Amino acid sequence: MIYRELGTTGMRVSPLGFGCMRLPMREVNGSECVDDDLAGPLLRRAVELGINFFDTHWFYNNYDSQRALGAALGSLRDKVFLSSKIHLMLVKRGEDYDDILSRALEKMQLEYLDCYHFPALSYNTWREKVLGLKLLDRAERAKARGLIRHISFSFHSDPEKIPELIDTGVFSTMLGQYNLVDRRNEEAFAYAKSKGVGTMVMGPLMGGVLTDGGQTFLDRMGSPLTSAAELGLRFVWSNPNIDLVLSGMSCLQQLEENVIFANRAADLTLNDHQALVENSQALKDLNDLYCTSCNYCAVCPQNIRIGRIFQLYLQHSVWGLGEAVARRRGEDGAFGLPATPEACTECGLCSTRCPQGINIPEELKRVWPVLQYL
């Protein structure tokens, strides 16, 4: 494994980080939780293969990811960097920052976190909640107490606002979306890099949408590679302004393949990056429905599996996998979904959680008839 400096943090990190949002799950007493028998060996194997940066969140994996990560890697604490995020929706007053951080450390059985994010910021959240409740002061005090080593943020709003955050001088790292389809944060990453801020990417494969494309994706890009995942990751790694790429891996095969790709990252050049940019126009139809399957929308009172429906639609409409999608529908009825979009009451809760700003009720109305009559 090769290693890179993460900005000016002093952390030398693997170019491939482990995003702990898609850990294997199991059902216990009617509720889903992380399957420790699968996740523990997976996370420890990642360390064996050289990955040393792991990122989680308060609510990932049905609120169980932090616990599972701490349980798996607590004994390897001196070999890894561990990152998490505060759940800003739970923060109603300044004191809540301290309480949620304390509870997170307790869940993970840790004394400190290497990076602690203000996640999924919009410009309004930044101004009204982070600044309005003086949460930066709370974060600075937590840092002074040794509870966190670096203050970080991720952003989901207008990239032109990101320099304002960077220019506060508070943040050591930033995390943002970036892939062959979505290059909106490209200039922001370059600015962050110029200021010594560590740059981390999430969604390098658009939540698996690019890998769903398989050979069709490779053909559109005119690539001789045999792996759609490697091509998507190559694009990000070949950008000199990116330090680390987070990938959500849920099985050993994904992990071991991605590590092989990461070991080739040092061979990539800016010319490789520019060539991929030129070919990326072949993917512009993916902007038709920019869903990365993050499942932040999995709060539907009617139990509609929104992310799954959008995934099926993209497989059909973008990648031409209509026959396979139709076959799945024939085998499982309504694709095995617990509820279909006809049950939607248009309460809008899902849209308030979507980091991409998708009007989910309207999109469900648009895409469901296409799937329903395949």
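Tutor: Let's start with the second largest pocket: helix H12 gives the largest share of its lining, 4 residues. Keep in mind that this is a predicted model.

Student: Which elements give two or more residues to that lining?

Tutor: Helix H10 (228-237) and helix H12 (270-279) do. Among the lining residues are Leu 231, Arg 234, Asp 272 and Asn 279. The pocket's volume is about 180 Å³.

Student: How do the lining residues divide into nonpolar, polar and charged?

Tutor: You get 7 nonpolar, 3 polar and 2 charged. Gly counts as polar here, and Gly 222 is one of the lining residues.

Student: Okay, cysteines. How many disulfides does the structure hold, and how do you know?

Tutor: It holds 0. A disulfide needs two cysteine sulfurs within 2.5 Å. For Cys 291, the closest cysteine sulfur is in Cys 297, 6.4 Å away, so that is too far for a bond. Cys 294 has its closest cysteine sulfur in Cys 354, and at 6.2 Å that is too far as well.

Student: Why is Cys 291 called buried?

Tutor: Because its relative accessible area is 10%, and buried means under 20%.

Student: What makes the phi of Met 206 worth a look?

Tutor: Phi of Met 206 is near 55 degrees, a positive value in a residue other than glycine. Most residues other than glycine have a negative phi. You'll find Met 206 in the loop between strand S11 (198-202) and H9.

Student: And is Met 206 buried or exposed?

Tutor: Buried, because its relative accessible area is 0%, and the cut-off is under 20%.

Student: Where is Phe 335, and what is its phi?

Tutor: Phe 335 is in the loop between H14 and H15, and its phi is near 60 degrees, again positive in a residue other than glycine. Phe 335 is called buried because its relative accessible area is 5%, with under 20% as the limit.

Student: Last one: how do you know what span to expect for helix H13?

Tutor: H13 (residues 306-317) has 12 residues, and at 1.5 Å a residue the expected span is 16 Å. From first C-alpha to last, H13 reaches 16 Å, close to that expectation.

Student: Which parts of the structure do the buried residues of H13 pack against?

Tutor: Helix H9 (209-220), helix H14 (322-332), helix H15 (349-353) and helix H16 (360-372). The buried residues of H13 include Ile 306, Phe 310 and Tyr 313.

Definitions and conventions. Residues are numbered from 1 along each chain as its sequence is written. This is a predicted model: local features need pLDDT of at least 70, side-chain atom pairs count only at pLDDT 80 or more; totals for chains, interfaces and linings use all residues. Side-chain values use heavy atoms; hydrogens and water are left out. The expected span of a helix is 1.5 Å times one less than its number of residues. Buried means under 20% relative accessible area, exposed over 50%, partly exposed in between (1.4 Å probe, protein chains only). Contact means heavy atoms within 4.5 Å. On a 1 Å grid over the protein atoms alone, a cavity is a set of points where a 1.4 Å probe fits but cannot get out, and a pocket is an open set with protein on both sides within 12 Å along at least five of seven lines; lining residues have an atom within 4 Å of a point. Grid points are joined across faces, edges and corners, and a volume is the space filled by probe spheres set on the points.
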